[in-house]
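Have a look at the structure first, then try each task before reading its solution.

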Amino acid sequence: MLLARSIMLKRKGMVKTTFSVLLTLSLTTAFAQDNSPYSRYGLGDVVPNTNILNRGMGGVSAGYGDVRTVNFNNPASFSRFRVRTEERTGEVNAGQVILDGGINISNRTLRTPNQTEKFSSTGAQFSYLQVGIPLRKNWGLALGLRPVTQIKYFIQRDEFLRDPLTGDSIERAVTEFKGTGGSYLPSIGTGFAIKNFSAGASLGYLFGSRETTTNRSLFNDSLLYYRGRIGDSTSFGGIFVNAGAQYDISLIPRDERLTRGTAILRLGVSGNLETKLTATQDLARETYVHDPNGGDFPQDSIKIENGTDGEVIYPASYTAGFVFERQKLKGGNWMVGMDLVQTKWSNYRFMGREDAVKDHWQVRVGGQFMSNPGRNYFSNVAYRAGFFAGQDYITAGGDLSNWGITLGAGLPIANWNRMALGQASVVNVALEYNKRGDNSNIVKENTFRFSLGLNFSDLWFNKRRYD
């Protein structure tokens with residue numbers, strides 16, 4: 001009875017923790033006040049596509065693998081989920097199940113070159129929720145949900161229209177550009193390992209929407225104009241496949257590992273092929289009268305088209321890199337790595353139309369250090385740092401440079417539950433600074449992003465043995 005009660009309490013605690021995490025992550029999306037004019041292009045701003053642990057290291061992920069982390073960027077890493085085996089028979093009797101979730105809080109500042117004015121906005125966003133389950137030794141399964149892109153912008157242009165012959169001002173025109181939406185990816189994936197080689201793949205459904213509105217108002221001292229609106233609303237979705245592979249090269253002979261520890265060079269590659277998503281679009285071209293107290297009242301519908309079928313082509317993306325990992329017998333473990341990322345945004349199409357985008361590339365470099373674990377709490381913390389640099393995929397207003405630096409840490413939480421010694425909890429934090437554009441562009445964008453990740457793991461599926 002005591003054993004049954006401890007199992008029940010353990011599972012109730014995990015369910016309660018899972019519910020709390022889900023509630024917290026879902027609520028953060030309701031307070032997003034972000035505003036990025038560059039999210040007007042493509043399918044919006046690309047959300048960081050790596051685990052918060054990896055973001056602290058500049059985003060390095062192709063060669064990264066860990067027994068308590070869901071590295072969803074490379075499904076080959078799922079093969080590393082830990083299982084516990086019987087000493088006598090080698091039979092698997094338990095698995096280390098992982099719950100990994102995160103949120104982002106971003107502060108974005110927009111500046112126009114050679115001007116002192118600036119605009120700042122802050123928003124919170126759900127980052128990901130992942131579950132990792134070891135099926136057996138060297139074989140794991142992962143399920144998850146994460147955003148892929150985000151659309152959130154509001155731009156206002158105030159100008160005077162002039163007579164092309166005389167150059168005299170005719171009337172004042174105010175144009176508002178608004179956009180909302182984004183895309184999400186629920187997925188399931190598996191990874192397996194054979195000796196030093198591991199491979200994996202994940203299957204998901206990439207879906208989302210994009211709603212854009214352009215409102216224009218003309219002001220004249222003697223004439224009254226109706227306002228004009230152009231609105232597009234598009235929903236899309238389709239199957240999305242991501243795959244990867246990793247290969248470990250041991251640099252210390254097996255007979256020396258008991259005295260020297262381990263040193264591993266892990267090569268990794270991951271990516272997705274070009275994906276065609278089915279889309280449905282509604283169009284509206286109309287005039288309206290705006291009442292500040294009562295909303296908008298349509299006047300004339302110039303063009304209405306509902307349910308137009310089309311296609312969205314999401315580009316192929318590839319990541320290749322390595323991680324060098326050194327684990328000493330008495331602590332002082334560290335790793336360094338580098339990734340090269342390329343995305344073929346030049347092949348992107350939205351309802352058959354091209355956009356102001358081009359092929360994107362980025363170099364990511366980072367590392368992690370952990371001192372000799374001891375009674376001092378900070379000796380058990382994993383410290384991370386990195387940077388990334390490359391060319392952005394947006395070309396509106398000229399080519400955009402894109403670079404950033406990152407800092408991160410893994411903060412362990414002590415386990416005081418004597419009835420569940422297999423539990424482990426870590427809070428991963430990452431701080432990123434990202435600079436987009438320079439004085440040659442129309443708008444410069446600086447972003448500070450704080451990411452908080454909660455990682456819980458516990459031994460499940462215990463096989464009880466009675467003597």
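**Exercise 1. Is Arg108 buried or exposed?**

Before starting, note that this is a predicted model, in which local features need pLDDT of at least 70 and side-chain atom pairs count only at pLDDT 80 or more, while totals for chains, interfaces and linings use all residues. Residues are numbered from 1 along each chain as its sequence is written, and side-chain values use heavy atoms, with hydrogens and water left out.

Step 1. Recall the classes: buried is under 20% relative accessible area, exposed is over 50%, and partly exposed is in between (1.4 Å probe, protein chains only).
Step 2. Arg108 has a relative accessibility of 7%, so Arg108 is buried.

**Exercise 2. Describe the salt bridges of Asp45 with Arg108 and with Arg436.**

Step 1. Start with the idea: side chains of opposite charge can pair when their charged atoms come close. The criterion here is a side-chain nitrogen of Lys or Arg within 4 Å of a carboxyl oxygen of Asp or Glu.
Step 2. Arg108 meets Asp45 with an N to O distance of 3.8 Å. Arg108 sits in strand 3 (residues 92–111) and Asp45 in strand 1 (residues 45–46), so this pair ties together parts 63 residues apart in sequence. Strands here are DSSP runs of E with at least two residues, numbered from the N terminus.
Step 3. Arg436 also forms a salt bridge with Asp45, and the closest N and O atoms are 3.0 Å apart. Because Arg436 belongs to strand 18 (residues 424–436) and Asp45 to strand 1, the pair ties together parts that are 391 residues apart in sequence.
Step 4. Asp45 is buried, at 10% relative accessibility, and Arg436 is buried too.

**Exercise 3. Which residues form the nonpolar patch on the surface?**

Step 1. Apply the rule: patch residues have over 30% relative accessible area and no salt bridge, and nonpolar side chains (Val, Leu, Ile, Met, Phe, Trp, Tyr) are joined within 5 Å.
Step 2. The members are Leu143, Leu145, Tyr184, Ile188, Leu203, Tyr205, Phe207, Ile239 and Val241. Together they have about 760 Å² of accessible area, by the Shrake-Rupley method with a 1.4 Å probe, where for residues only the protein chains shown count as cover.
Step 3. Strand 7 gives the largest share, with 3 residues.
Step 4. Take Val241 as a check: this residue is found in strand 8, and at 43% relative accessibility Val241 is partly exposed.

Definitions and conventions
Patches are made of residues with over 30% relative accessible area and no salt bridge: like charges are joined within 9 Å, nonpolar side chains (Val, Leu, Ile, Met, Phe, Trp, Tyr) within 5 Å. Helices (H or I, at least four residues) and strands (E, at least two) are DSSP runs, numbered from the N terminus.
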